[in-house]
Amino acid sequence: MAALNLTHSDPSTFILMGIPGMEDAHVWISIPFSTSYIISLLGNFMVLFVVGKEQTLHKPMYLLLSMLALTDIAKCTLILPKALCIFWFNLKVITVGGCFSQIFLLHTVAFMQSAILMTMAFDRYVAICNPLRYATILTNARVAKLGLASLIRSAVFMLPLPLLLSRLPFCASHIIPHTHCEHLLVAKMSCGDITVNNTYGLLMAIVLMGSDLMLIALSYGLIIRTVLRISSKRAPQKALNTCTAHICVMLMFYSPIFFTSLTHQFGQGIAPHIHIILVDFYVLIPSMLNPIIYGVKTKELRYKVGKYTCRS
């Protein structure tokens with residue numbers, strides 16, 4: 001009731017409830033959350049450290065992997081510290097500006113990660129289908145420009161999200177039943193018309209991620225066509241093995257997005273706390289596993305990481 005009074009007396013704040021219905025278990029729930037967050041930070045910072053330290057890893061593929069690590073760190077850090085403050089210290093207040101900023105940054109990072117995965121698919125296409133021209137097509141400078149373009153594209157297209165939310169009147173409850181601010185969830189709290197918000201959010205998902213997925217599918221279609229034309233028996237398997245890590249990371253990134261979208265549209269029967277936990281783990285699990293997958297499947301990176309960990 002105190003929280004409700006706070007939202008009425010202070011319209012410049014929202015109240016994040018964490019996981020409604022499981023408040024008594026918040027401390028226990030925080031254990032896997034904090035553990036996953038620490039593992040994610042350690043793994044991704046290790047990738048950044050090793051790639052930055054080793055001159056032999058200053059290649060387009062590892063530059064892309066560093067970009068992926070940065071987006072994983074950003075995605076976790078935008079959600080987990082605040083969620084842990086809710087679980088441990090009951091610090092549920094977030095300003096309206098902070099909430100809208102979180103929405104903008106989360107969506108920007110997510111769409112940038114999608115663009116990076118698309119660029120990684122193109123990297124694999126060039127490496128397998130045009131290996132002799134790889135060094136001239138994909139230089140470090142060109143990959144850096146592609147990464148910057150991905151960031152700018154995501155930021156420009158996601159900027160309208162907080163702007164559209166800021167025009168809505170929040171005349172009812174300011175209580176958000178979640179661990180972080182979600183665009184559609186915050187929009188539904190408004191007593192105004194949210195048709196534009198819903199349409200724009202859906203349109204951007206279809207246009208941006210849809211185009212990324214189409215280009216990824218095209219790249220792998222061309223890779224498969226090239227591999228099938230190779231007469232050697234071992235060469236196709238060796239070529240496809242270089243794509244395994246990327247395929248695993250893509251599945252972990254895109255599959256939960258589709259599942260979350262379906263639960264938003266058709267999952268009225270799913271308990272809210274289940275949905276919240278799944279959304280949070282969608283952010284945590286890929287960020288935690290991505291450096292492990294690339295560390296295991298990429299021989300050169302595995303060797304360099306092993307060199308530093310054994311030395312320490």
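These notebook entries record what I looked up in a predicted model.

**Basis.** I number residues from 1 along each chain as its sequence is written, and side-chain values use heavy atoms, with hydrogens and water left out. In this predicted model, local features need pLDDT of at least 70 and side-chain atom pairs count only at pLDDT 80 or more, while totals for chains, interfaces and linings use all residues.

**Entry 1: helices α2 and α13.** I looked up how α2 (residues 26-53) and α13 (residues 299-311) are placed; their axes come within 10 Å and cross at roughly 100°. Helices here are DSSP runs (H or I, at least four residues), numbered from the N terminus. The axes are lines fitted to C-alpha atoms over the stretch in contact, with angles from 0 to 180 degrees between N-to-C directions. I therefore note α2 and α13 as roughly perpendicular (65 to 115 degrees). From α2, Met 46, Phe 49, Val 50, Val 51 and Lys 53 make the contact with Leu 301, Lys 304, Val 305, Tyr 308 and Thr 309 of α13 (heavy atoms within 4.5 Å).

**Entry 2: Lys 304.** Beyond neighbours within four places in sequence, Lys 304 contacts Val 50, Glu 54, Thr 56 and Leu 57. The C-alpha atoms of Lys 304 and Lys 53 lie 9.7 Å apart, at a sequence separation of 251 residues.

**Entry 3: Ile 152.** I located Ile 152 in helix α6 (residues 140-158). Ile 152 counts as partly exposed because its relative accessibility is 45%.

Note on methods:
Helices (H or I, at least four residues) and strands (E, at least two) are DSSP runs, numbered from the N terminus. Buried means under 20% relative accessible area, exposed over 50%, partly exposed in between (1.4 Å probe, protein chains only). Angles under 35 degrees count as roughly parallel, over 145 as roughly antiparallel, 65 to 115 as roughly perpendicular and the rest as oblique.
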